[in-house]
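Grab a viewer and work through these exercises on helix packing and pockets. Try each task yourself before reading its solution.

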Amino acid sequence: MRLTVFGATGGIGQEVVRQGLAAGHRVTAVVRDPARLSARGPGLEVVRASLTDPGDAGALRGAVAGRDAVLSGLGARGLKDARAGVAARLTRSVVRALEAEGVRRLLVVSAAPLAPVVEREPLADRLMLAAVGRVLKPVYEDLRVMEAELARSATDWTSVRPPRLLDKPLTGSYRTAVGRNPRSARTIARADVAHAMLTMVDDPATVKQGVGVAY
């Protein structure tokens, strides 16, 4: 497949690029600073562009034109970014490029607290989610805006919702749940989130859905 990755220098984005190349896909990585991209491979194309510069709109359209799917690891890097609506604003630029080029498939990273509460979820897990939700409220509000805009878009989107992220190796062994979180969803490695996203690219059951992913 021909894939484009936004947020390709972030923890999940780098993994999407590496695993995509390892699987034999042709991968276009859209970055502001190519020096921060560690992934290498014969199937890799690097496009230097900013999602906030209107002058780069043409480069963004070129980066997604003719692709089978676009995967995004974009998101706020802290509470300040979240209060500024960074995830929603950057994703909006990606959606505009896809809609302009008629590209449908889009997968983005969101977060577990945006999913409905799981029926019979253990009390400890419900309390943990509530506490995290209070502390990181600006982050999740930003992501809610992002997901609402995806729902209004012309794309075949999937919002992948991991819980607490870990910097650990790929296992390929995790749980997913369409429209909700897996029960007692607590952690997952960034590498496994990337693996899940690549697996969902051609899964019609995940289209226009939020999908929980966790160990």
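**Exercise 1: α1 against α7**

The crossing of α1 and α7 is right-handed. Keep in mind that this is a predicted model.

Task: Work out how α1 and α7 are oriented to each other, and which residues make their contact.

Solution: 
- Start with the geometry: helix α1 (residues 11-22) packs on helix α7 (residues 190-200) at about 55 degrees, and their axes are 8 Å apart.
- Now classify the angle. Roughly parallel would need an angle under 35 degrees, and roughly perpendicular starts at 65, so α1 and α7 count as oblique to each other.
- Then look at who touches whom. From α1 you get G11, I12, E15, V16, Q19 and G20, and they meet R190, A191, V193, A194, H195, M197 and L198 of α7.
- Sort those contact residues by class and you end up with seven nonpolar, four polar and two charged.

**Exercise 2: α4 against α6**

Solution: 
- The packing angle here is about 20 degrees, with the two axes 7 Å apart.
- Angles under 35 degrees count as roughly parallel, so that is the label for α4 and α6.
- As for handedness, α4 and α6 cross in a right-handed way.
- On the α4 side, the contact uses V86, A87, A88, T91, R92 and V95, while α6 brings in D142, L143, V145, M146, E149 and L150.
- The class tally for this contact is eight nonpolar, one polar and three charged residues.

**Exercise 3: the largest pocket**

Task: Find which residues lie nearest the centre of the largest pocket, then describe its lining.

Solution: 
- First the volume: the largest pocket holds about 1,200 Å³ of space.
- Its lining takes in 48 residues, and G73, L74, G75, A76 and R77 sit nearest the centre.
- Next, trace the elements. At least two lining residues each come from α1, β2 (26-31), α3 (79-83), α4 (86-101), α5 (123-135), α6 (137-152) and β7 (164-166).
- By class, that lining splits into 28 nonpolar, 10 polar and 10 charged residues.

**Exercise 4: the second largest pocket**

Task: Which element gives the largest share of the lining of the second largest pocket?

Solution: 
- This pocket has about 180 Å³ of space.
- It is lined by 13 residues, with P54, A57, L60, S93 and R96 closest to its centre.
- Two or more lining residues come from each of α2 (57-64) and α4.
- The largest share, four residues, belongs to α4.
- To finish, the lining of the second largest pocket counts six nonpolar, three polar and four charged residues.

Note on methods:
Residues numbered from 1 in each chain as written. Predicted model: local features only at pLDDT ≥ 70, side-chain atom pairs only at ≥ 80, totals over all residues. Heavy atoms only, no water. Axes fitted to C-alpha atoms, helices over the stretch in contact; angles between N-to-C directions. Parallel < 35°, antiparallel > 145°, perpendicular 65-115°, else oblique. Left-handed = near helix turned anticlockwise from the far one by under 90°. Contact = heavy atoms within 4.5 Å. Nonpolar A, V, L, I, M, F, W, Y, C, P; charged D, E, K, R; others polar. 1 Å grid on protein atoms, 1.4 Å probe; cavity = no way out; pocket = protein on both sides within 12 Å on 5 of 7 lines; lining within 4 Å. Points joined across faces, edges and corners; volume = space filled by probe spheres on them.
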